[in-house]
Amino acid sequence: MEITEIYNKLKDKFGDSVKDLIISPPSDAFIAIASDKLFDICLELRDNPEFDFDYLMCISAVDFSENLEVVYHIYSMNKKHKVILKVSVPKENPVVPSIERIWRSADWHEREAYDLLGVVFEGHHNLIRILLPYDWEGHPLRKDYKEPETYHGMKVPY
Amino acid sequence: MTTRKFIDIDFSRIESDRMRLNVGPQHPSTHGVLRLEVELDGEVVTDVIPHIGYLHRCFEKIAENVTYPQVIPYVDRMDYVSSMNNELPYVMAVEKLMGIKVPDKVEYIRVIMSELNRIANHQIAIATFGLDAGAFTPFLYLFRDREYILWIFEKASGARLLFNYFWIGGLANDVYPTFKEDVLNIVKQVRKTNQEIERLLIYNKIFIDRTANVGILPADVAINYACSGPVLRGSGVQFDLRKNEPYSIYDRFDFEIPVGKGEVGTVGDSWDRNIVRMREIEQSCRIIEQAVEQMPNEGDVQQAIPKKVRPPKGEIYFRCENPKGELGFYIISDGKDKPYRVKARAPSFVNLSVLPEISRGYLFADLIVILGSIDIVLGEVDR
Amino acid sequence: MGLLDRLDNPYEAGGIILGTIEDVLNWGRSRSDWYLHFGLACCAIEFMAMNASHFDFMRFGIIPRATPRQADFIMITGTVTLKMAERIKVLWEQMAEPKYCISVGSCANCGGPYWQYGYHVLKGVDRIIPVHVYVPGCPPRPEAMEEGMMKLQKLIDQQAIFRKRQRLAEEEALKEK
Ligand code: SF4
């Protein structure tokens, strides 16, 4: 199924929560959606046999100075089509519903996004840091991040 | 709770207090610096909590701070066992973003190098898997062969392990004159060793007893956890990006996708994951032979290299079949000479997350075998 | 370099070597070093290759040990991150004296490729534990690691065991003053 078709079907069902379809080659086309309906849309994508998206490839969070964007790359093993969803949330209050219960692979991806960019996934069963030590401060992949001078008495900069 | 067939006692019925055991980060069988927090009921594993990040080397932050070509050495260092395969999706993603078409010769050399590195990676995987199960000798055999492959890489690129050989739009330099003969000789040698290993390790009774019916991963769970590579194929799912979504020139070759069939146990057990790697070595040999035959001798490998790497504004997600699974790069460009964001979807990272699911209910000694069968590289898990 | 070299003509000298106890002890120590089986990152793969068929590290009289309590020296093969640094310190402290450390690869020496933007990388393992031999390279070839091992053997050969005790005692006395 082409992404325009997926977009139209989602639009019919969820109305304004599905915002725009943006196609601008050479980039991949993606669908921008509102964060509040994310869980329902993902559930629909997985459970509707027309879509049958069963394979969540990747979740990446990106820092655009005012907003944090979370990008979902989803693939269907049987139908061999893919879709890209994008959710944009303000930096002061970056809360996105967790889809960990839909695709289990989201668990670690969401923890990583929380760890490195500070996106809070609501409803995640265990949202703690995954890569950095548990007592680390700040979210290093944010563009305004300053690396600490010392950590536990060890000098960090060269 | 599943208990293993050949043990008569049903451990789940013996009541005892739970015990927490710490494995790693310094442990000979964790393949690097992985820490596992294991909850044990007697000797039966009831839960595993992986703690990762002991090798977090800030790849994504560094990638935002250096130019596009400078990222390649860091990409090498992610999955340091199969560096060539790591470079391929990255350079292809940037090329796609910039609309570069590389010459045929480059594509062939890239395929040959990637497949050779796939063989080298699987050889390490099988060797260390054997070590985990207690077999030391196959390790020596396989490392002997791997060294021959490294010699080719060294002659071509100058480095043994981390190559920086694939450049955006081309290669660092052309291959040397006797390249083709060398590669064909290696293929012969690899096939010979494969037969040896099959007799020495794979169909060894002890090895089968240790690995068959251990760590069974059903296909639907594997897909839900987004496993890829031999872990997914071991569960019987025929999915290989080289075939399903052919990139580079993989559509020109004739090869098969080996899957786990439950030959000695259940589909999706540790033995199956391992045999998929064995069979893939054979398929890689086939690809290499065909590629060597078709490869043009003439051609400038640097002709398509751009003077300035400045992709237009845009973003791309490009994935390739790494020896460990699907390696994807999500690159956002803002039109400058440095990437705005590079996210690596590392196969080991995703494959490792399935470990707690498949190791519950087995003995502690089996946990090490299951971990070995997933074949992780911590550099890629932590990035 | 070692004790046996003094025996340049064994038949004439009647097989007798004159030397100190220290020489004998050092000779024994430097040729049966046991190392801590421990790998960190990419350099550890070269380290594995060194243990395997072509390079055969064990001909140096070296046996891998899985626990630091039985090890004579530790090879830091790879990037030391801040999360790992404290563990390495613990490992080092668990080892029994006399103990040695070989730092293998640029990462362990000075942070390597991660020196500039690596917010989570310790820029040199010598910031937390003493290092006796540095092996440069990214990754160093197995031959380079063996060279490092030979350097360590030389270092052990020249060590003064008894005088060291004396010197330590003197230092202690100085401190107390
Ligand atoms: S020195 Fe180079 S090869 Fe060694 S661990 Fe560091 S990056 Fe890897």
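The largest share of the lining of the largest cavity comes from α5(C), which supplies three residues, helices here being DSSP runs of H or I with at least four residues, numbered from the N terminus. This is a predicted model, in which local features need pLDDT of at least 70 and side-chain atom pairs count only at pLDDT 80 or more, while totals for chains, interfaces and linings use all residues. Residues are numbered from 1 along each chain as its sequence is written, chains are lettered from A and ligands numbered from 1 in the order in which they are written, and side-chain values use heavy atoms, with hydrogens and water left out.

By a cavity I mean a set of points, on a 1 Å grid over the protein atoms alone, where a 1.4 Å probe fits but cannot get out, with lining residues having an atom within 4 Å of a point; a volume is the space filled by probe spheres set on the points, which are joined across faces, edges and corners.

The largest cavity has a volume of about 80 Å³. Of the 16 residues lining that cavity, B:R77, C:C42, C:C43, C:C107 and C:C138 are the closest to its centre. In chain C, α3 (42-51) and α5 (105-110) each supply at least two residues of this lining.

Turning to the second largest cavity, its volume is about 50 Å³, and its lining includes A:E112, A:L116, B:H56, B:D382, B:R383 and C:Y119. Two or more residues come from each of α3 (106-117) of chain A and α1 (59-65) of chain B, and α1(B) gives the most, with three residues.

Technical notes: 1 Å grid on protein atoms, 1.4 Å probe; cavity = no way out; pocket = protein on both sides within 12 Å on 5 of 7 lines; lining within 4 Å.
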